[in-house]
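Me: I would like to go through this structure with you, one topic at a time. Please have a look at it first.

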Amino acid sequence: MSPHLAMPQRDHVRLDWHTPDRVLERVRPVAWTCGCRATVYELFQGGGQGFIRRTLQLDDGHQVDESHRWSIAKARATWTALLSGKAR
């Protein structure tokens, strides 16, 4: 079973989300949250970079947004913060 996000902490960091503007070759999801919620998050990495994809599952389709690209270490740290409610 995949993890669920913790409730956002009062002092959580707001992540900047944007519409995906380019496709990186050789990226792959390495972690994801449970698909039972309306919003699913995935941690992607490839080419020395990582990012988080947020997919909002709507009745009439999906809305996909992505974070900035970071080093893999920074992306993993942000993923951990997201799961623990320290980022959103």
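Me: Where is Asp11 found?
Reply: Asp11 is found in the segment before S1; strands (E, at least two residues) and helices (H or I, at least four residues) are DSSP runs, numbered from the N terminus. This is a predicted model, in which local features need pLDDT of at least 70 and side-chain atom pairs count only at pLDDT 80 or more, while totals for chains, interfaces and linings use all residues. Residues are numbered from 1 along each chain as its sequence is written, and side-chain values use heavy atoms, with hydrogens and water left out.

Me: Is Asp11 buried or exposed?
Reply: Asp11 is exposed, because its relative accessible area is 62%. The classes are buried under 20% relative accessible area, exposed over 50%, and partly exposed in between, with a 1.4 Å probe and protein chains only.

Me: What separates the C-alpha atoms of Asp11 and Ala87?
Reply: The separation is 8.7 Å, although Asp11 and Ala87 are 76 residues apart along the chain.

Me: Now the salt bridges. How many are there?
Reply: The count is three salt bridges, a salt bridge being a side-chain nitrogen of Lys or Arg within 4 Å of a carboxyl oxygen of Asp or Glu. One of them joins Arg53 to Glu66, with the closest N and O atoms 2.7 Å apart. That pair links distant parts of the chain, since Arg53 is in strand S3 (residues 49-58) and Glu66 in strand S4 (residues 61-66), 13 residues apart.

Me: Which residue does Arg69 form a salt bridge with?
Reply: Arg69 forms a salt bridge with Glu66, and the closest N and O atoms are 3.0 Å apart.

Me: Which residue does Asp65 pair with in a salt bridge?
Reply: Asp65 forms a salt bridge with Arg54, the closest N and O atoms being 3.1 Å apart. Here too distant parts of the chain are linked: Asp65 is in strand S4 and Arg54 in strand S3, 11 residues apart. Asp65 counts as buried because its relative accessibility is 8%, whereas Arg54, at 22%, counts as partly exposed.

Me: How many bridges join S3 to S4?
Reply: Six bridges join S3 to S4, and the two strands run antiparallel; strands pair if DSSP finds at least two bridges between them. A hairpin connects S3 to S4 through two residues. Within this pairing, Arg54 stands opposite Asp65 in S4.

Me: Changing topic, how many aromatic pairs does the structure hold?
Reply: The structure holds two aromatic pairs. Rings of Phe, Tyr and Trp (its six-membered ring) pair if their centres lie within 6.5 Å; planes under 30 degrees apart count as stacked, over 60 as edge-to-face and the rest as tilted. Trp17 and Tyr41 form a tilted pair, 6.0 Å centre to centre with 50° between the planes. This pair links Trp17, in the segment before S1, with Tyr41 in strand S2, 24 residues apart. Trp17 counts as buried at 19% relative accessibility, and Tyr41 is buried at 6%. Phe44 and Phe51 form a stacked pair, 5.2 Å centre to centre with 5° between the planes.

Me: What lies over the face of Phe44?
Reply: Arg53 does, at 4.4 Å from the ring centre. A charge sits over a ring if NZ of Lys or CZ of Arg is within 6 Å of the ring centre and within 35 degrees of the ring normal. The charged end of Arg69 sits over the ring of Phe51, 4.1 Å from its centre. Phe44 counts as buried at 6% relative accessibility, and Phe51 is buried at 2%.
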